[in-house]
Amino acid sequence: MTTQELVSQINLKKSFLCIGLDVDLQKIPKHLLQEEDPIFEFNKAIIDATHHLCVAYKPNTAFYEAYGIKGWKSLEKTINYLNENHPEIFTIADAKRGDIGNTSTMYAKAFFEDLAFDSVTVAPYMGKDSVEPFLAFKDKHTIMLALTSNEGAFDFQTKKVENLELYKTVLETSKAWQNANQLMYVVGATKAKYFEDIRKIIPNSFLLVPGVGAQGGNLQEVCKYGLSKNVGLLINSSRGIIYASKDKNYAKKAAEKAEELQKQMEEILNSNFSV
Ligand SMILES: O=c1ccn([C@@H]2O[C@H](COP(=O)(O)O)[C@@H](O)[C@H]2O)c(=O)[nH]1
């Protein structure tokens, strides 16, 4: 999917919501455990109930890898279901990969070709030659960790190296990489006060913003400086939406939570982008 197609979907749905499909068998309704593939059945019900409210889904691969081959099969069925039924929706494999060049190419093939995701999250620590193999895939997006939502972000990312915070170096340096227009960045919603500085470096890049909901981040605070002229934000909520209820009506309850966020986004879009 191209960035322009993503922006069109945002404008159409009045939503820049990304729903995280982080499926934990301990947390899903018990009756699903009798199904042959409880993870896929859970995801399918959530997708069917929420696809009109969001523009992206983000399965975090850890929640699938934890269940071995069965979990990977559930991930494959989920991405195939999305691509077959909702090709307009942007898909993110939250896998946080990155390695020496030839290995990164194999990671990119796994997520862009075998599983056909639109994007994958990548750690920048190994530098340019570990990220550019992902950027070589046309119309695919590489979402690089910049300033993460967790407390540990302050261990390295905000530390100054040669007088510049490391996350700023990541943003500045990566702007010059081959196919940098296919880069997006992860910035945590819990780091709202950093968005003003971040937008000075990358005014128009898309930011994937986890941390709203269960981690306490605030949508309005993120949008104050995070919005760009193309909206430029994908706000993720996982637990806050998909585990709204443990009863049989879990998908309906998830849709209600998603709609709460979508309505707030509609209001923000109407007040920031009115003609
Ligand atoms: O900085 C980061 C990067 C990734 N994540 C991931 O996003 C979701 C958040 O889930 P919630 O349940 O909405 O808290 C999860 O997959 C994280 O691994 C992040 O939280 N922060």
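**Reading the model**

Author: Among contacts in the protein between residues at least 6 apart in sequence, 70% join residues at least 24 apart. Two residues are in contact if their C-beta atoms, placed from the backbone, lie within 7 Å.

Reader: Before we go on, what kind of model is this, and how are residues numbered?

Author: This is a predicted model, in which local features need pLDDT of at least 70, side-chain atom pairs count only at pLDDT 80 or more, and totals for chains, interfaces and linings use all residues. Residues are numbered from 1 along each chain as its sequence is written.

Reader: What pLDDT does the protein average?

Author: The average is 97, and 99% of the residues score at least 70. pLDDT is the predictor's confidence in each residue, from 0 to 100. For the complex, the predictor gives an ipTM of 0.99 and a pTM of 0.98.

Reader: How many helices and strands are there?

Author: The protein has 12 helices and 10 strands. Both are DSSP runs numbered from the N terminus: helices are H or I with at least four residues, and strands are E with at least two.

Reader: And what about the radius of gyration?

Author: A compact globule of 275 residues would have a radius of gyration near 19 Å, and the protein agrees with this at 18 Å. The radius is taken over C-alpha atoms, and the globule rule is 2.2 Å times the number of residues to the power 0.38.

Reader: What share of the residues counts as buried?

Author: Of the 275 residues, 48% count as buried. A residue is buried if 20 or more other C-beta atoms, placed from the backbone, lie within 10 Å of its own, exposed if 12 or fewer, and partly exposed in between.

Reader: Take L75: is it buried or exposed?

Author: L75 is buried, because 26 other C-beta atoms lie within 10 Å. This residue is found in helix α4, residues 68-85. Not counting residues up to four places away in sequence, L75 touches P59, T61 and Y64.

Reader: Which residues of α8 are buried, and what do they pack against?

Author: In α8, L166, Y167, K168, V170, L171 and S174 are buried. They pack against several elements, including β5 (141-147), β8 and α9 (195-201).

Reader: Changing topic, which residues come nearest to the ligand?

Author: Of the 19 residues around the ligand, N60, T148, P210, S238 and R239 come nearest. A residue is near a molecule if its C-beta atom, placed from the backbone, lies within 6 Å of it. β10 (233-237) and α11 (239-242) each supply at least two residues of this shell.

Reader: How many of the shell residues are nonpolar, polar and charged?

Author: The shell divides into 3 nonpolar, 13 polar and 3 charged residues. Ala, Val, Leu, Ile, Met, Phe, Trp, Tyr, Cys and Pro count as nonpolar, Asp, Glu, Lys and Arg as charged, and the others, Gly among them, as polar.

Reader: What is the phi of K96, and where does this residue lie?

Author: K96 has a positive phi of about 50° although it is not a glycine, and it lies in strand β3, residues 90-97. Most residues other than glycine have a negative phi. K96 counts as partly exposed because it has 17 C-beta neighbours inside 10 Å.

Reader: And where is N179?

Author: N179 is in the loop between α8 (166-174) and β8 (183-187). Its phi is positive, about 60°, although N179 is not a glycine.
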